[in-house]
Amino acid sequence: MTALSLGADYIQRHALPPNLIHDLRTPLNQIIGYSEMLEEQAQEVGLEHLVPDLASVRGAGQQLLRLIDSHFYSTTGSTTDQRKADTFTAHDLPAGYLARAEKQSEGAVLGEPVSAVDQRRMLVVDDVEANRDVLTRRLKRQGFVVATAENGRQAMEMVRKTSFDLVLLDIMMPEMDGFEVLRRLKADENLKHIPVIMISALSELDSVVKCIEMGAEDYLHKPFNPTLLKARIGACLGKKLARDRESLIFEQLKESFKRLEELEKERDNLTHMIIHDLRTPLSSVIVGMQTLDLMGELNADQLEMKNIAVSGGQTLLGMINDLLDVEKFESGSMPIEYSELPVLELVESAVGQVKSLSDDKQLKVAIQISADVPRVRGDGSKLSRTLVNLLGNAIKFTPSGGIVTVEVMYRSDCGMAEFSVRDTGEGIPTEAFGRIFEKFGQVEERKAGRSMSTGLGLTFCKLAVEAHGGQIGVESEPRVGSRFWFTIPVE
């Protein structure tokens with residue numbers, strides 16, 4: 001009777017305690033692992049005659065390991081079906097899986113050749129020196145840089161000092177077991193990105209589930225199949241490579257965004273300085289053109305040119321003032337002086353300021369105010385300017401002979417007064433609603449592709465209304481007209 005037969009007979013006759021079964025599995029895993037590597041090396045160096053004997057040693061070790069596992073499940077009362085569910089080996093894989101895994105592991109990881117990940121750093125954590133040695137040799141043969149830790153505390157110290165691409169972590173260790181190491185790794189913001197493969201002599205399904213739930217990338221039990229190990233490592237490194245790329249892109253985006261903000265701030269400061277400095281000489285030009293009347297009577301041509309120059313200067317000055325005011329709103333430095341405002345006076349004042357524009361185009365401006373609208377509370381100058389901007393915009397895009405209507409109604413559902421300016425122009429494309437209030441926004445007219453520039457006037461309206469706690473919007477139908485509206489709290 002052989003030693004293996006005697007050992008098997010003893011195992012079948014006697015109930016072995018779980019800790020002894022674990023201690024038996026450890027050296028058997030080492031025997032199997034070393035035998036596999038010696039077989040590979042014998043074939044590489046031309047000593048094929050040694051391969052059969054080494055294969056016999058490996059086979060005997062695997063047979064004894066199966067007997068031990070069979071004894072463990074029979075003494076713990078597990079059924080055959082439960083043992084199959086709880087114990088997973090390379091023999092349980094689908095047909096052709098290992099061949100495909102081998103081919104994939106020799107190919108590319110996320111499009112990069114294996115040589116691109118050869119220098120990835122691995123940390124092997126196991127309290128048994130021989131186990132560390134078997135796994136380290138296997139990983140080094142695959143081209144990886146390997147460091148080892150003999151317990152959980154040492155592993156935690158090493159990962160805090162050195163960057164690792166993968167941790168292969170044993171579960172059964174004294175002081176700090178693999179579960180605790182995994183928990184600490186995944187609880188640390190600086191370390192949780194490191195993928196972890198749990199490797200243990202335990203083969204219970206509960207242990208696998210627990211490790212995956214705690215954040216482990218994968219689980220292998222000893223003795224592991226070399227091809228399966230290589231495939232699992234390749235998959236983990238592929239995921240980490242993808243995460244590393246995402247993190248790098250995210251950091252680059254953050255840096256680019258920060259730089260963009262700095263450039264925008266520099267641009268805004270330069271724009272503010274230039275525009276602010278332009279206002280004074282432009283005002284002087286306008287005043288100078290207006291004083292020409294005091295120097296003598298102008299003929300018709302001279303008067304027309306003077307009026308054109310003054311009108312253009314005033315338009316430009318208005319744009320400069322709009323831009324400066326928009327910047328004040330955006331920076332939060334625009335003061336809002338609240339007072340109670342009669343709605344009718346507010347509307348009539350705004351209509352009066354655009355009367356010359358409406359007369360020039362022979363437009364009718366109608367006012368409709370509901371009788372139940374109370375006074376509003378707000379800054380009179382800014383709300384009047386908002387109405388003037390909306391009226392000017394409506395007049396500009398309403399054909400001669402059309403109608404512009406200003407309506408005010410009380411919305412009891414929200415305690416707001418709703419102002420609206422309706423025109424009978426061509427209308428605004430629906431797809432332009434989202435950008436019509438943007439700074440320097442432009443909307444393409446349907447007819448002839450002309451650009452109708454919203455400039456800064458509508459941007460000012462939006463910021464002024466929102467500063468009062470209201471809302472602004474636009475509605476439009478082709479060939480019917482547009483309706484701009486905004487709400488303001490009542491007293």
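Student: Which residues in H12 meet which residues in H14?

Tutor: Leu-346, Val-347, Ser-349, Ala-350, Val-351 and Gln-353 in H12 meet Gly-380, Leu-383, Ser-384, Leu-387, Val-388 and Leu-391 in H14. Contact here means heavy atoms within 4.5 Å. The residues of this contact divide into 8 nonpolar, 4 polar and no charged. Ala, Val, Leu, Ile, Met, Phe, Trp, Tyr, Cys and Pro count as nonpolar, Asp, Glu, Lys and Arg as charged, and the others, Gly among them, as polar.

Student: What should I know about the model and its numbering?

Tutor: The model is predicted: local features need pLDDT of at least 70, side-chain atom pairs count only at pLDDT 80 or more, and totals for chains, interfaces and linings use all residues. Residues are numbered from 1 along each chain as its sequence is written, and side-chain values use heavy atoms, with hydrogens and water left out.

Student: What makes H12 oblique to H14?

Tutor: Helix H12 (residues 343–353) packs against helix H14 (residues 380–396) at an angle of about 50 degrees, and their axes are 9 Å apart. Angles under 35 degrees count as roughly parallel, over 145 as roughly antiparallel, 65 to 115 as roughly perpendicular and the rest as oblique. The angle therefore makes H12 oblique to H14. The crossing of H12 and H14 is right-handed. A crossing is right-handed if the near helix is turned clockwise from the far one by less than a right angle, and left-handed if anticlockwise.

Student: How do you know where a helix or strand begins, and how an angle is taken?

Tutor: Helices (H or I, at least four residues) and strands (E, at least two) are DSSP runs, numbered from the N terminus. Axes are lines fitted to C-alpha atoms, for helices over the stretch in contact, and angles run from 0 to 180 degrees between N-to-C directions.

Student: Why is H7 called roughly parallel to H8?

Tutor: The axes of H7 and helix H8 (residues 178–187) come within 9 Å and cross at roughly 20 degrees. That makes H7 roughly parallel to H8. H7 passes H8 in a right-handed crossing. Gly-152, Met-156 and Val-159 in H7 meet Val-181, Arg-184 and Leu-185 in H8. By class, the contact of H7 with H8 has 4 nonpolar, 1 polar and 1 charged residues.

Student: Is the crossing of H11 and H15 left-handed or right-handed?

Tutor: H11 passes H15 in a left-handed crossing. The axes of helix H11 (residues 300–331) and helix H15 (residues 457–467) come within 10 Å and cross at roughly 35 degrees. The contact of H11 with H15 has 6 nonpolar, 2 polar and 3 charged residues.

Student: Why do S4 and S7 stand at the edges of their sheet?

Tutor: The sheet is open, with 5 strands in the order S4-S3-S5-S6-S7 and parallel pairing. S4 and strand S7 (218–221) each have a single partner strand, so one side of each is left without a neighbour in the sheet. Neighbouring strands are turned by 20 degrees against each other on average, direction ignored.

Student: How do you know that S3 and S4 pair?

Tutor: Two strands pair if DSSP finds at least two bridges between them. Strand S3 (residues 121–125) and strand S4 (residues 145–149) run parallel and are joined by 5 bridges, so they pair under that rule. Arg-121 stands opposite Val-145 in S4. The chain crosses from S3 through helix H6 (residues 129–141) to S4 in a right-handed β-α-β crossover. That term applies if, with the strands pointing away from the viewer, the path from the first strand over the helix to the second runs clockwise.

Student: Which strands does H6 lie across?

Tutor: H6 lies across S3, S4, S5 and strand S6 (196–200), and runs at about 165 degrees to S4. Helix H7 (residues 152–161) packs on the sheet too, touching S3, S4 and S5.

Student: What makes S9 and S15 edge strands?

Tutor: Their sheet is an open one of 5 strands in the order S9-S11-S12-S16-S15, with mixed pairing. Strand S9 (364–369) and strand S15 (472–477) each pair on one side only. S9 pairs with strand S11 (residues 403–411) in the parallel sense over 6 bridges, and Ile-367 stands opposite Val-406 in S11.
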